[in-house]
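Take a look at the model below. Then follow this short tour, one feature at a time.

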Amino acid sequence: NSPSTGGWTAFQWKGKKSVPLTAGTHVLKIVADQQYFNLNQVRVVASSTTTPPTSSTPYSGTAISVPATFEAENFDKGGQNVAYRDNVTGNAGGIYRTTEDVDIIASTDPEGGGYVVNNFETGEWLKYTINVPAAGSYDIQLKAATMFTTSAYHVEVDGVDVTGRINVPNTG
C-alpha cells in the first residue's frame with residue numbers, strides 16, 4: 001500500500017514488475033476489477049532486471065512503441081466492445097473524444113497529462129496496441145487516483161491476464 005497523496009487528483013504509479021513480453025505487436029488491455037478510480041497514464045518500460053521470456057486500431061494510427069509512457073485517454077479506435085467497454089452511455093466529462101462513451105475529464109495532475117479517464121468502473125476496459133521491439137521483462141504501471149480502499153485492475157496482453165489483480169490504494 002502507498003500512503004495517502006491527497007485526493008482524486010493526487011495520482012501515483014501502481015503496477016506489476018517483470019511482465020514477460022515477446023517482440024512484436026500486442027494488444028494491452030486495462031480492465032477495472034473494482035471501481036472507482038481515475039486513470040491518467042499507462043507506462044510500459046523495460047524492467048531493471050530483464051529475463052528472456054479482436055481488432056481495434058491504434059489511436060494515433062500506429063502501435064505505441066515501448067518503452068513508453070502514454071496517455072490513458074488515447075486508447076485504440078473501434079468503439080464500444082471493440083476498443084473499450086464503458087458501462088454507461090456517453091462521455092460524462094464531455095471533453096476529448098466526445099463521440100466515445102469513455103468518461104474523460106481535464107487533468108489537474110501537476111506532473112502532466114492533458115486528460116484523465118474518470119470513474120473507471122468494475123468491468124470496464126480500454127485497449128492499446130503496443131509494439132515491443134525486443135522480447136524481455138517489462139514493468140507495466142498505471143498512474144491512478146482514488147478515494148476508495150478497494151479499487152483494483154489487471155492487465156491483459158493478447159487476451160491473457162499477465163498481472164493478476166493489482167490494488168489501487170486510496171490516494172486520499
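**A tour of the chain**

Y59 is a partly exposed residue, with a relative accessible area of 27%. The label has cut-offs: buried means under 20% relative accessible area, exposed means over 50%, and partly exposed lies in between, all with a 1.4 Å probe and protein chains only. Before going on, note that this is a predicted model, in which local features need pLDDT of at least 70 and side-chain atom pairs count only at pLDDT 80 or more, while totals for chains, interfaces and linings use all residues. Residues are numbered from 1 along each chain as its sequence is written, and side-chain values use heavy atoms, with hydrogens and water left out.

Now to the rings. The structure holds four aromatic pairs. One of them joins Y59 and Y96, with 6.3 Å centre to centre and 50 degrees between the planes, and this pair is tilted. The terms work like this: rings of Phe, Tyr and Trp (its six-membered ring) pair if their centres lie within 6.5 Å; planes under 30 degrees apart count as stacked, over 60 as edge-to-face and the rest as tilted.

Why does the pair of Y59 and Y96 tie together parts that are 37 residues apart in sequence? Y59 lies in the loop between β3 (37-46) and β4 (64-65), whereas Y96 lies in the loop between β6 (84-85) and β7 (104-106), so the pair links those two parts. Strands here are DSSP runs of E with at least two residues, helices are runs of H or I with at least four, and both are numbered from the N terminus.

Y96 is partly exposed, at 23% relative accessible area. Y96 has another partner. The rings of Y96 and Y115 have centres 4.4 Å apart and planes at 20 degrees, so this pair is stacked. Y115 lies in strand β8 (residues 115-120) and Y96 in the loop between β6 and β7, so the pair ties together parts that are 19 residues apart in sequence. Y115 is partly exposed too, with a relative accessible area of 26%. Together, Y59, Y96 and Y115 form one aromatic cluster.

Rings also meet charges. The charged end of R43 sits over the ring of W13, 3.8 Å from its centre. R97 lies over the face of F75, at 3.8 Å from the ring centre. To count, NZ of Lys or CZ of Arg must be within 6 Å of the ring centre and within 35 degrees of the ring normal.

Next, look at the whole chain. How many helices and strands does the chain have? It has zero helices and 13 strands. The radius of gyration is 15 Å, close to the 16 Å that the globule rule gives for 172 residues, so the chain is as compact as a globular protein of that length. That radius is taken over C-alpha atoms, and the rule is 2.2 Å times the number of residues to the power 0.38. Along the principal axes, the C-alpha atoms fill a box of roughly 40 × 35 × 25 Å. Buried residues make up 46% of the 172 residues.

The largest cavity has a volume of about 40 Å³. Its lining includes R85, D103, V117 and F120. The largest share of that lining, four residues, comes from β8. A cavity is a set of points, on a 1 Å grid over the protein atoms alone, where a 1.4 Å probe fits but cannot get out; lining residues have an atom within 4 Å of a point. Grid points are joined across faces, edges and corners, and a volume is the space filled by probe spheres set on the points.

Finish with the backbone. Most residues other than glycine have a negative phi, and most peptide bonds are trans. A cis peptide bond joins V66 and P67, with omega about 15 degrees. P67 is in the loop between β4 and β5 (68-71). Phi of S18 is near 60 degrees, a positive value in a residue other than glycine. S18 lies in strand β1 (residues 12-21) and is partly exposed, at 34% relative accessibility. D158 also has a positive phi, near 50 degrees. D158 is in the loop between β11 (152-157) and β12 (160-161), and is partly exposed, with a relative accessible area of 45%.

Definitions and conventions: On a 1 Å grid over the protein atoms alone, a cavity is a set of points where a 1.4 Å probe fits but cannot get out, and a pocket is an open set with protein on both sides within 12 Å along at least five of seven lines; lining residues have an atom within 4 Å of a point.
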